[in-house]
Amino acid sequence: MGEADIIQGVFAPLAAGFEGAFGLKDDAAAIRPPIGCDLVVTVDAVAAGVHFFSDDDAADIGWKALAVNVSDLIAKGAAPHAYVMSLAFPEMPDKAWLLGLATGLAEAQRAFGITLIGGDTDRRPGPVSITITAIGFVPAGQMVKRTTAKAGDHVFVSGALGDSALGLTLRRDGAMSAPFTVSAVHRSDLIGRYLRPRPPLALVPALRDFASASMDISDGLVKDLTRMADASGVGALIDCEALPLSDAARAVVASHPSEMASIATGGDDYQVLATVSPQHVAAFVAAACVAGVTVSEIGRIIVGHGVAILGPDGNAISFDSTGYDHF
């Protein structure tokens, strides 16, 4: 397959219906923002051996590559709209792999309401990498920043934490060599969360209306909350027992308490971390409930510096690592 065959035969169908994509036949795309809206732009790359396994199903890779970018838009209170994608291969992949990648992208597009509008393909040394720039809309001036948390705010997270980190351990080490054992059903659930993160799109309106600050959890709760607190010039206290766990993660922690470190510091959750002022807490929780998104209060923003995760005895828990570090 040549480059033109890849673009028109594999990826052009993903741009169908988007007038400004021009069927992926031009060198650029055109976007017309709705009146009174700002564009929100984010970019993330995923690479084989770093963010996914080279033998992962291509459809799962496509889903994840798009979902991790959509996660950033959601946390900013932005409605996903379009994306461009750059693919780099050390050698030409086979057509079946490319079609699988496109299948996963198409599934994520439908789930998150976003459309491919352009990109690039390239051959270069190194692992397969997929770089996506995602674009969303938010009413003018209403993007939810990470720099605006205030002392007294309540700290919330969406969904459950730690499933993906536990799933990565199982995917990497296998059932026999992993440091914990789980049932076949829980193993499937945890690995599934690693392969296909599901950021909570339906939470966008509640974040815009009620969150004082927000970001997604990509590198671990402790590390990402520290980033938010530092950027906002505040500190945070978190109740370890308030961290929301899935049934699968709860079963792991019950038999292997040390895995609580993975819950607090493991990456790839792609859930929302938000702060909400006391007067808006009830409305935020109600709006999330109406949207069908589970949110859990896990702590408070305080005057000071740093993030402390408090155990049942009220003392701060020490972790060997605070989360994933890119370098």
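This is a predicted model: local features need pLDDT of at least 70, side-chain atom pairs count only at pLDDT 80 or more; totals for chains, interfaces and linings use all residues.
Two or more lining residues are given by each of the helices α4 (163-177), α5 (184-195) and α8 (247-255), and the largest share, 3 residues, comes from α5. Sorted by class, the lining of this pocket comprises 8 charged, 7 polar and 6 nonpolar residues.

The structure holds 4 aromatic pairs, one of which is formed by Phe53 and Tyr194, whose ring centres are 6.2 Å apart and whose planes stand at 70°, so that the pair is edge-to-face, the angle being over the cut-off of 60 degrees. Because Phe53 belongs to the loop between β1 (37-47) and α2 (58-75), whereas Tyr194 belongs to helix α5, the pair ties together parts that are 141 residues apart in sequence. Phe53 is partly exposed, with a relative accessible area of 22%, while Tyr194 is buried, with a relative accessible area of 3%. Phe89 and Trp97 form an aromatic pair that is likewise edge-to-face, with 6.0 Å from centre to centre and 90° between the planes, and both Phe89 and Trp97 are buried.

The ring of Phe53 also has a charged residue over its face, namely Arg171, which lies at 4.3 Å from the ring centre.

Methods. Residues are numbered from 1 along each chain as its sequence is written. Side-chain values use heavy atoms; hydrogens and water are left out. Helices (H or I, at least four residues) and strands (E, at least two) are DSSP runs, numbered from the N terminus. Ala, Val, Leu, Ile, Met, Phe, Trp, Tyr, Cys and Pro count as nonpolar, Asp, Glu, Lys and Arg as charged, and the others, Gly among them, as polar. Rings of Phe, Tyr and Trp (its six-membered ring) pair if their centres lie within 6.5 Å; planes under 30 degrees apart count as stacked, over 60 as edge-to-face and the rest as tilted. Buried means under 20% relative accessible area, exposed over 50%, partly exposed in between (1.4 Å probe, protein chains only). A charge sits over a ring if NZ of Lys or CZ of Arg is within 6 Å of the ring centre and within 35 degrees of the ring normal.
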